[in-house]
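Reader: I would like to learn how to read strands, helices and a nonpolar core from a set of coordinates. Could we take them one after another?

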Amino acid sequence: MATAYLKRNGILNELKQTRAPRAKIEDVLTVHSPYLVDTVMIMSELGSGGVGDAAYASPDLLRNSLLAVGGAIEAAKTVNDGVVKHAFSMMRPPGHHASTSNAAGLCYFNNLAIAIKRVLEKPHIKRVTIFDFDDHFGNGTSEIFYSDPNVQYVSIHEYDYEDQGIGHYEETGWGEGKGTNINIPLVDGTSDVSYQSAIDKIVVPAIESFKPDMIAVSAGFDSHYADPVGNMNIDSSTFWYIGQIIKKLVAKHKMRGSFSTLEGGYNPFVLGPAIRALLDGLSGKSLPELDDQVEREVHEQLTDTNENIIQQVLETHKQFL
Ligand SMILES: [Zn+2]
């Protein structure tokens, strides 16, 4: 449906398109344990059943998962080869909940993490920053790179301070990777103003201080106000805002480029316009006027709570930034 939207609005014609090749098992093993690879292979053969927490098997699970990994690798390669400055892999299943040994939350293999491992093998790519703006915390990606000093993980996500689960800003990395894990846990109902504030005050300075050669984006659109899964309150204007910020950072710091992989986003009517807004930002176009950009109530108290959290995150990371 998202592809049909992009086609109907002439967006696909403006882009260089390429097909995702199927990744090899060796690619997957750069990140995941043989146990997880074997589990996905066996469960795919069985064709149904649970593979992990909220992760289910289907007969084409292995094939689709390898294509999604292949799409991410190809996106990073295309950018590294200088074919394009920014690439977007529109493949599912998503990946950011898949950790070294566990499939979870509709994620089986961590597409973005595998693509990063592969691109870090290339000359000129020494450091990569991940920006994860999916509604949910990318626990898998965070775990994979938690002690890696060459990969910075920055995530804005919905967080329930009453439950106090993982994804808290006190999780900052381990050993040589201390300070490279930056969680920005905002509250349920967060609006565009707080997302943009977190981006300006934390994401941009964090990337500028880390000086990556490439930005890898976990592009999840379930933080949209009309998403049935996420509980945030942003519209496509924030996805455009993210796209243009990434473009500016890449140009200003002469990075190789950026590549994005599709994570969440479960309203089929919203996904197309949301992806379009991100792509418009990445290609230097002005903010597109889209139907979802309607006036919505912004609770001042909630904005204040988020500003307070943003300050806490800055305070936590002041020794690293
Ligand atoms: Zn999500």
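Author: In this predicted model, S7 and strand S8, which spans residues 257-262, pair in the parallel sense over six bridges. Within that pairing, Ala 219 stands opposite Leu 262 in S8.

Reader: Which other strand is joined to S7, and by how many bridges?

Author: S4 is joined to S7 by five bridges, and these two strands also run parallel. Here Asp 132 stands opposite Ser 218 in S7.

Reader: How should I read the two faces of such a strand, and which residues of S7 point which way?

Author: In a regular strand the side chains alternate between the two faces of the sheet. In S7, Met 214, Ala 216 and Ser 218 point one way, whereas Ile 215, Val 217 and Ala 219 point the other way, and all of them are buried. The strand is accordingly described as mostly covered, with six of its six residues buried.

Reader: Turning to a helix, how does the span of H8 compare with what is expected?

Author: Helix H8 comprises residues 192-210, and its 19 residues reach 25 Å from the first C-alpha to the last, close to the 27 Å expected at 1.5 Å a residue. Just after the helix, Lys 211 takes a positive phi of about 55°.

Reader: How do I read the burial pattern along a helix, and which residues of H8 are buried?

Author: An α-helix has 3.6 residues a turn, so residues three or four places apart point the same way. Among the buried residues of H8 are Tyr 195, Ala 198, Ile 199, Ile 202, Val 203, Ala 206, Ile 207 and Phe 210. What covers the buried residues of H8 includes strands S4, S5, S6 and S7, together with helices H9 (236-252) and H11 (300-317).

Reader: Which residues touch the most other members of the largest nonpolar core?

Author: That core has 88 residues, and Ala 115, Ala 216 and Leu 278 touch the most other members. Its largest share, eleven residues, comes from helix H5, residues 61-80. Leaving aside residues up to four places away in sequence, Leu 278 touches Ala 219, Phe 239, Trp 240, Ile 242 and Gly 243.

Reader: Why might one call the radius of gyration of the chain consistent with a compact globule?

Author: Because a compact globule of 321 residues would have a radius of gyration near 20 Å, the 18 Å of this chain agrees with it. Buried residues make up 52% of the chain.

Key:
Residues numbered from 1 in each chain as written. Predicted model: local features only at pLDDT ≥ 70, side-chain atom pairs only at ≥ 80, totals over all residues. Core = buried A, V, L, I, M, F, W, Y, C linked by C-beta atoms within 7 Å. Buried ≥ 20, exposed ≤ 12 C-beta atoms within 10 Å, placed from the backbone. Helix = DSSP H or I, 4+ residues; strand = E, 2+ residues; numbered from the N terminus. Contact = placed C-beta atoms within 7 Å. Expected span 1.5 Å × (residues − 1). Rg over C-alpha atoms; globule rule 2.2 N^0.38 Å. Pairing = 2+ DSSP bridges.
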